[in-house]
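Reader: I am new to this structure and would like to go through it with you, one question at a time. Please show it first.

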Amino acid sequence: MSTDLNGFLDGVDYPMFVVTATHDGEHAGCLVGFATQVSIHPARLLVGLSVANHTYRVAREATTLGVHLLSRNQTELAALFGGETGDEIDKFTRCHWAEGPHGVRVLGGVTGWMVGSVLEQVPLGDHVGFLLDPLECQRENTGDVLMFRQVMGLSPGHPA
């Protein structure tokens with residue numbers, strides 16, 4: 001019997017998101033592949049953030065998070081939020097954003113975004129799951145979204 005989860009999931013592709021967090025005047029954001037709807041009624045989204053990540057350190061104190069769906073052609077934005085660390089640079093000086101609901105930074109030009117209230121934080125190994133209650137959602141277009149296979153070669157801004 002095998003326990004090779006990577007082998008089991010080989011060939012499975014899933015969308016990539018950028019999560020933004022704001023707390024006490026500090027702003028952070030990172031690229032995430034662990035995000036999924038986990039309930040229909042009530043609607044809930046679960047987002048996993050690495051505990052090694054600068055965004056996690058801001059998010060664990062935040063009451064709301066932004067979740068952004070990228071389009072297939074936004075690999076540069078994915079590289080900014082996935083290949084750089086907020087420990088070293090202010091990513092928001094290198095992209096377009098606006099202040100959204102509850103002070104969360106909303107990225108410009110993305111396929112869609114959601115701001116959600118943090119209901120619960122659940123330890124999930126080297127990630128923490130943030131259970132979100134949607135407060136406001138915007139979908140700008142229904143085009144192709146950025147998928148995991150498109151960013152597989154991206155060097156992360158920090159080890160997981």
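**A buried threonine and its surroundings**

Author: The side chain of Thr 20 comes within 2.8 Å of the backbone oxygen of Arg 105, a polar contact, that is, a pair of N or O atoms within 3.5 Å, where within protein one must be able to donate a hydrogen and the other to accept it, and residues adjacent in sequence count only if both atoms are side-chain atoms. This is a predicted model, in which local features need pLDDT of at least 70 and side-chain atom pairs count only at pLDDT 80 or more, while totals for chains, interfaces and linings use all residues. Residues are numbered from 1 along each chain as its sequence is written, and side-chain values use heavy atoms, with hydrogens and water left out.

Reader: Is Thr 20 buried or exposed?

Author: Thr 20 is placed in strand 1, where strands (E, at least two residues) and helices (H or I, at least four) are DSSP runs numbered from the N terminus. Buried means under 20% relative accessible area, exposed over 50%, and partly exposed in between, with a 1.4 Å probe and protein chains only. Because its relative accessible area is 1%, Thr 20 is buried.

Reader: In which loop is Asp 24, and is Asp 24 buried or exposed?

Author: Asp 24 has a phi near 50°, a positive value in a residue other than glycine. Its place is the loop between strand 1 (17–23) and strand 2 (26–32). With 74% relative accessibility, Asp 24 counts as exposed.

Reader: What is the relative accessibility of His 102?

Author: His 102 is found in the loop between strand 6 (97–99) and strand 7 (105–107), and its phi is near 60°, a positive value in a residue other than glycine. His 102 counts as exposed, because its relative accessibility is 59%.

Reader: Which residue does a cis peptide bond join to His 41?

Author: The bond has an omega of about 0°.

Reader: How far apart in space are Leu 146 and Val 38?

Author: Leu 146 lies in the loop between strand 9 (127–139) and helix 4 (148–151), and at 0% relative accessibility Leu 146 counts as buried. Leaving aside neighbours within four places in sequence, Leu 146 is in contact (heavy atoms within 4.5 Å) with residues including Tyr 14, Leu 70 and Val 151. Leu 146 and Val 38 are 108 residues apart in sequence, and their C-alpha to C-alpha distance in space is 21 Å.

Reader: How many disulfides does the structure hold?

Author: A disulfide is a pair of cysteine sulfur atoms within 2.5 Å. The sulfur of Cys 95 is 13 Å from the closest cysteine sulfur, in Cys 30, and is therefore too far for a bond. The sulfur of Cys 137 is also too far for a bond, because the closest cysteine sulfur, in Cys 30, is 19 Å away. The number of disulfides in the structure is zero.

Reader: Is Cys 137 buried or exposed?

Author: Cys 95 counts as buried, at 16% relative accessibility. Cys 137, by contrast, has a relative accessible area of 51%, and therefore Cys 137 is exposed.
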